[in-house]
Structures are given as structure tokens and as C-alpha cells.
Amino acid sequence: DTYTTGTVTDITAAVVTGSGTSWDTSGLAAGDKFIADADHSAAIEEDAQWAQILTVDSATQITLTASYGGTTGAMSGTYKGRKVYTTPSNEVPFTAVVDNFFCFGNGNINVQKYSGSGYASDLDATNAINARYGIEYANRLFLADLQVSGSRDQLTVQWSKEGDPENWTDSTAGVTALLDTYDYITGMALMGPDLVVYKENTIIIGSQTGISTSPIFFHTQKRGIGALAPASIIEAQFTNAFLGRNDFYMLRGDHPVSIGVDIRDFFFEVTTQANAVNTIGFAVEDKHEFHWVATTTEGQLDFVYNTLHEKWTVYDLNDGIKSGGTGVLT
């Protein structure tokens, strides 16, 4: 996300002066980045001349953490102020592609959109705020655990207009609060034609209705088992798998089945509850493997379940891993 209004009139050492700028209300803050367009090449990222902002002093002045390394002195030139995204501690962002928009977010920022050119920007600064979970379903963007009426709402699911993730006020957009159980939402995933909403101790399944103004019906609740770790939820092999409060599970139909009998005691012996919540899961489908990476008392370990042979393996990793998956280059 960028702010580019106005021009730079002078750069002296670490002090940048502007004209027609509104840096004190632009959203720029300490830790964000600045660069003069004269020193910026869009083909080079991260360009060496990006400088970190120390303070936003006024509408027309910012101070950098060090003397600017590019063009300095009096000038009249354009610039870019780049807002650095932050993520809540120990959490991961979500991403979803809806109607040719790459949408992403986390609990610290308005949900963002990127169309494939230019820069990212707010999807809807009124109706898509600080969502921790997001997913494409029924040609809509679904959000959960987001800010509603100025406060974090961990029980609400909200969806956009069909085919338009920028529109949250149309009659085909909507919102529902999952209040039958009061445990918090911890993630969402797709399973075949259904949307699965995970809570701490509940699994809720919704299906499309074919009615544009009421597109989803949450018809099934499974109480007593939920997803402990939001990033542990895996979509693969026409099912979901995840880490629960005391076991690993895989959905068979709409029923969570334990798959962790051979590993769960060891996992929870070496993994504190605080670290278990941050477990990250991914699938390597051509090897029939579900991987869960966790920080343990023995270091970071990779707990791998082979769905073909129904066997577990534990790998001790040489380096830290924050995400995983497989892909293909064409």
C-alpha cells in the first residue's frame, strides 16, 4: 500500500520536506518506507534506495532513520511512501483470489486488494477491516474474525457480493454471527462443495443455497472438536486435516476422525500449548503427506502423516520454517 500525494521539495540528510503532502494523516508511520521516484526502479525490488521512516513530523516533513542514500538537496520530484504490513504476533496472513483480485489481510490491517498492476490498496475501509481469516467461496470473499462496529468480532462471518469482493453492501452480500456456541472462530477451509468454519471446539459446515440474497446455509455443527491452531488447517485430498486441542484430525464426510493416536502423546509432551497454537500445516499431495511444523522443547520438528500408509514420521529440521507447500513452474 502506498501514499504518493504531493511532491518532495528538499531532502537534507535524513529530513524530507514535501509540498502538497499530508503525511500526518496518510497512514504512514514509523517503520514504513520512503523513496524518491528519481531513485526508484520498479524492476528492482527491494530497490536499494528505499529508506525507513523514523518519524512522521508533520503534514510536510518526515525524518528517516539515516541520511537518504539517493538524490538529495532542493528538488521538485515525486516519491513513494510504502506502508509496511504488520501481522499480529505469532499469526500468519490469509490470501484469496476473487474475481481477478488478489486479496489478503491479517488482524492488523484493512483487507487489501491487488489487481495485477500498480500497488495494493484497501479493499473496503468501512466493511473489510482487520479480518484474520479470508477465503474464496461461491465466487465471493468470505471473511471471519474481523472488526465490526469498531470492535473485534470473533464470532462473525461476512461475505461480499457475488463476483465483486469490493462490494459489501449489495443485497447479495451478507453477514452472520455463529452464536450457537461461544468459542471463537479459528479458521475457514473448503471441503468439496462446502465451506468449513472452524472454532476452538466446534466445526460448522455451510453449503450454497442457490439463492443470491441468502447464498449460504450453515446446516451442520460438530461440537467438542475444533481447530486449536489456525495455520494447521490443511485442504488436500478432498478433505481437511488439522490440529485439535489434544489430537490431530481429518474430516471424513462431516465427521472429524482421529489420526494422531501414534503421535499425539509425544507431540503434546514436547510442545507447549502456546507453541501448539502456532503449528503450521501443509500438504505434499504427490507423496500422500500432511506436514505439521511446530516449535518444541527439542527444536522445530516436522510431524508428517502419510495418508496412504497411515503412518507418522518426525523430522528434525536444520533451519526455521514459517510456511510450506508445493507448486509447479510452467
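The following legends describe close-up views of a predicted model of one protein chain.

Because the model is predicted, local features need pLDDT of at least 70 and side-chain atom pairs count only at pLDDT 80 or more, while totals for chains, interfaces and linings use all residues. Residues are numbered from 1 along each chain as its sequence is written, and side-chain values use heavy atoms, with hydrogens and water left out.

**Figure 1. Overview of the chain.** The secondary structure comes to two helices and 28 strands; helices (H or I, at least four residues) and strands (E, at least two) are DSSP runs, numbered from the N terminus. Along the principal axes, the C-alpha atoms fill a box of roughly 70 × 50 × 40 Å. Of the 330 residues, 47% count as buried. Buried means under 20% relative accessible area, exposed over 50%, and partly exposed in between (1.4 Å probe, protein chains only). Accessible areas come from the Shrake-Rupley method with a 1.4 Å probe, and for residues only the protein chains shown count as cover.

**Figure 2. The nonpolar cores.** A nonpolar core is a set of buried Ala, Val, Leu, Ile, Met, Phe, Trp, Tyr and Cys residues joined through side-chain atoms within 4.5 Å. The largest such core has 21 residues, and those with the most contacts inside it are Phe248, Phe290, Trp292, Phe303 and Trp312. At least two residues of this core come from each of strand E21 (234-236), strand E22 (239-243), strand E23 (248-252), helix H1 (264-270), strand E26 (289-296) and strand E27 (299-306). A second, separate core has 17 residues, including Trp23, Ala36, Ala51 and Tyr79.

**Figure 3. Asn306 in strand E27.** Asn306 lies in strand E27 and is buried, because its relative accessible area is 15%. Ala189 stands 117 residues away from Asn306 along the chain, and the C-alpha atoms of the two are separated by 21 Å.

Figure 4. Side chains of opposite charge can pair when their charged atoms come close. A salt bridge is a side-chain nitrogen of Lys or Arg within 4 Å of a carboxyl oxygen of Asp or Glu, and by this rule the count comes to eight. In one of them, the side chains of Lys80 and Asp37 meet at 2.8 Å, N to O. This pair links distant parts of the chain, 43 residues apart: Lys80 is in strand E8 (residues 79-82), and Asp37 is in the loop between strand E4 (33-36) and strand E5 (51-58). Lys80 is buried, with a relative accessible area of 13%, whereas Asp37 is partly exposed at 24%.

Figure 5. Asp145 and Arg152 meet through their side chains in a salt bridge of 2.8 Å, N to O. Asp145 is buried at 0% relative accessible area, while Arg152 is partly exposed at 45%. The salt bridge between the side chains of Asp247 and Arg264 is 2.6 Å, N to O. That pair links distant parts of the chain, with Asp247 in the loop between E22 and E23 and Arg264 in helix H1, 17 residues apart. Asp247 counts as buried at 2% relative accessibility, and Arg264 is partly exposed, with a relative accessible area of 27%.

**Figure 6. Surface patches.** Patches are made of residues with over 30% relative accessible area and no salt bridge; like charges are joined within 9 Å, and nonpolar side chains (Val, Leu, Ile, Met, Phe, Trp, Tyr) within 5 Å. Lys and Arg count as positive and Asp and Glu as negative, with His and the chain ends not counted. The place of a charge is taken as NZ of Lys, CZ of Arg, CG of Asp or CD of Glu. Asp265, Glu269, Glu298 and Asp316 form a negative patch. Within that group, Glu269 is found in helix H1 and counts as exposed at 65% relative accessibility. A nonpolar patch consists of Val97, Phe102 and Tyr114, with about 260 Å² of accessible area together. Phe102 is placed in strand E10 and counts as partly exposed at 34% relative accessibility.

Figure 7. Most residues other than glycine have a negative phi. Asn90, although not a glycine, has a positive phi of about 65 degrees. Asn90 is found in the loop between E8 and strand E9 (94-98) and counts as exposed at 59% relative accessibility. Asp99 also has a positive phi, near 50 degrees. Asp99 lies in the loop between E9 and strand E10 (101-105) and is partly exposed, with a relative accessible area of 39%.
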